Amino acid sequence: MVEAARLAEAVDLLPLGRLPAGTLERLAARLSRRVELACHVLSSADVPVRRIPNRDQLDAAALLEAVEARAASDTRLLVGVAAEDIAVPLFTFVFGLARQG
């Protein structure tokens, strides 16, 4: 992400679901020191939540599509932070899902 950050002017953190108070603010502070960019916490997203059938997990691909739909600029990195476990149908867990561009 450090390399990608050189092409961006800022990082926006988008909460997906309810996170404990202060979580994203602490993450934004640490991340901004690491990538040397301003990091902003956006207001909570009202995104459609799709669960993987027969599993108590959110569909990571559906969340990625919802986050991408909210991207407002090519010069800002948008990072969705989920409050719940995410996965894709093929795997029982993922740490994250991304698409460049």
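Student: Which span should the 13 residues of helix α2 have, and how far apart are its end C-alpha atoms?

Tutor: Good place to start, and keep in mind that this is a predicted model. Counting 1.5 Å a residue, helix α2 (residues 23–35) should span 18 Å. Its end C-alpha atoms lie 18 Å apart, which agrees.

Student: Which residues of α2 are buried?

Tutor: Those are L24, A28, L31 and V35. Looking down the axis of α2, you find the buried residues within an arc of 75 degrees, so they line one face of the helix. R26, R30 and R33, on the other side of α2, are exposed.

Student: What happens just after α2?

Tutor: There E36 adopts a positive phi, about 55 degrees.

Student: Let's turn to the strands. Is their pairing parallel or antiparallel?

Tutor: In general, strands of a sheet pair through backbone hydrogen bonds, and either sense can occur, parallel or antiparallel. Here the pairing is parallel: three strands make an open sheet in the order β2-β1-β4. β2 (38–41) and β4 (76–82) are the edge strands, each pairing on one side only. Direction ignored, neighbouring strands of this sheet are turned against each other by 25 degrees on average.

Student: How many bridges link β1 and β4?

Tutor: Strand β1 (residues 10–16) pairs with β4 over seven bridges, in the parallel sense. For a landmark in your viewer, find L13, which stands opposite V79 in β4.

Student: And where does α2 pack?

Tutor: α2 packs on the sheet, where it touches β1, β2 and β4. The direction of α2 makes about 155 degrees with that of β1.

Note on methods
Residues numbered from 1 in each chain as written. Predicted model: local features only at pLDDT ≥ 70, side-chain atom pairs only at ≥ 80, totals over all residues. Heavy atoms only, no water. Helix = DSSP H or I, 4+ residues; strand = E, 2+ residues; numbered from the N terminus. Expected span 1.5 Å × (residues − 1). Buried < 20%, exposed > 50% of the residue type's maximum accessible area, 1.4 Å probe, protein only. Arc of directions from axis to C-beta. Pairing = 2+ DSSP bridges. Axes fitted to C-alpha atoms, helices over the stretch in contact; angles between N-to-C directions. Contact = heavy atoms within 4.5 Å.
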